[in-house]
Amino acid sequence: MLSTLKSLRALSDPTRLRIVALLEKDELSVNELQEITRMGQSRISTHLGLLQDSGLVQSRREGKRTFYKLIGLANGTAGEFIQLAIRGSKELPEHDGDKVNLKRILNRRREQAQVFFNQVAGRFDRVYGPGRSWQAFGHLLLRILPPLSVADLGAGEGLLSELLARRCKKVIAVDNSERIVAFGAAKARKNNLDNLEFRLGDLQNPPIEPASVDLVVLSQALHHAEEPAKAIASAHQILRPGGQIMVLDLLKHNFEKAPELYGDRWLGFAESDLHHWLEKAGFKKVEVSVVAREEQPPHFETVLAGGQR
């Protein structure tokens with residue numbers, strides 16, 4: 001029999017309200033709840049255990065993973081408690097971010113290619129294979145690229161721009177440092193990259209004609225922008241219909257020395273913020289996911305965000 005007091009205690013914590021609201025939409029694994037809430041595994045497991053012990057949540061095994069879902073949602077006392085919990089969760093400051101991250105997780109489930117990459121992520125650079133390297137894969141992927149017109153915003157000295165220029169139709173590298181632009185332009189001339197053009201400008205207002213490029217890249221540049229959302233909106237304006245944006249940047253972190261050491265304005269970004277800014281700018285088919293984590297402290301994580309105009 002459901003214990004009223006036990007259920008009330010279980011739902012007295014804001015984190016457990018968040019979990020209940022997330023499980024209303026679909027069953028989720030511990031790892032998925034971790035990724036949505038950005039909480040540790042032990043903390044999530046503890047909260048799930050309390051909810052399960054109170055008779056509000058049940059679990060099932062699938063291989064090595066355990067999935068959790070709500071029980072008693074349709075009717076009865078448990079259903080009443082759960083509906084109150086869901087209403088209460090909407091008043092929490094994390095609610096909107098949880099909704100965005102949940103949507104991203106559920107969309108990713110439907111993408112089989114993404115499932116494959118999740119399975120191999122983290123193993124590639126730990127297991128030796130003769131002739132297998134990121135450098136080799138990079139050149140392979142460049143050969144696959146069609147002859148696009150690309151804008152590399154916040155390009156710095158243009159390492160990525162140079163690589164793209166060896167395959168793309170035209171690459172416009174934008175940076176706000178005169179010295180860096182001059183250096184990059186000289187290096188492009190030295191390497192006979194006539195299709196690589198460096199321009200001095202701000203990535204929030206890039207000196208590029210509207211609807212003139214097929215791809216916009218912001219690689220570790222957005223956390224230097226004064227207004228990241230404005231930079232993403234400007235990228236939308238310079239893209240042709242059907243063009244794409246790709247943002248590689250740091251996941252939100254707590255390394256407070258970053259501004260002093262690297263000149264960063266922002267300590268990375270939450271996936272939900274990037275997703276929101278892309279949708280607000282008008283991008284469709286938005287996808288955001290963490291693609292790398294550094295082994296050494298402070299364990300920076302890299303997030304890849306993309307969308308189509």
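Student: In what order do the three strands of the open sheet come, and is the pairing parallel or antiparallel?

Tutor: Happy to walk through it! This is a predicted model, so local features need pLDDT of at least 70 and side-chain atom pairs count only at pLDDT 80 or more, while totals for chains, interfaces and linings use all residues. Residues are numbered from 1 along each chain as its sequence is written, and side-chain values use heavy atoms, with hydrogens and water left out.

Now to your sheet. The order is β1-β3-β2, and the pairing is antiparallel. Strands here are DSSP runs of E with at least two residues, helices are runs of H or I with at least four, and both are numbered from the N terminus. Two strands pair if DSSP finds at least two bridges between them. In general, strands of a sheet pair through backbone hydrogen bonds, either parallel or antiparallel.

The edges of this sheet are β1 (28-29) and β2 (57-62), each of which pairs on one side only. Between β1 and β3 (residues 65-70) there are two bridges, in the antiparallel sense.

Helix α4 (residues 41-53) packs on it and touches β2 and β3; a contact means heavy atoms within 4.5 Å. The direction of α4 makes about 120° with that of β2. Axes are lines fitted to C-alpha atoms, for helices over the stretch in contact, and angles run from 0 to 180 degrees between N-to-C directions.

Helix α4 also meets helix α3 (residues 30-37): their axes come within 9 Å and cross at roughly 115°. That makes α3 roughly perpendicular to α4, a label given to angles of 65 to 115 degrees. Where do the two helices touch? V30, L33, Q34 and T37 in α3 meet Q41, I44, S45 and L48 in α4.

Let's step out to the charged side chains. Side chains of opposite charge can pair when their charged atoms come close. A salt bridge is a side-chain nitrogen of Lys or Arg within 4 Å of a carboxyl oxygen of Asp or Glu, and by this rule the count comes to 11. In one of them, R18 and D98 have their closest N and O atoms 2.8 Å apart. R18 lies in helix α2 (residues 14-25) and D98 in helix α6 (residues 95-110), so the pair ties together parts that are 80 residues apart in sequence. Both R18 and D98 are buried, meaning under 20% relative accessible area with a 1.4 Å probe and protein chains only; exposed means over 50%, and partly exposed is in between.

R104 and E271 also form a salt bridge, at 3.3 Å from N to O. Because R104 lies in helix α6 and E271 in helix α13 (residues 271-281), this pair ties together parts 167 residues apart in sequence. R104 is buried at 5% relative accessibility, and E271 is buried at 2%. R104 and E271 belong to a network of salt bridges that also links E35, R38 and E301.

Finally, here is the setting for your sheet. The chain has 13 helices and 10 strands, and of its 309 residues, 42% count as buried.

Key:
Parallel < 35°, antiparallel > 145°, perpendicular 65-115°, else oblique.
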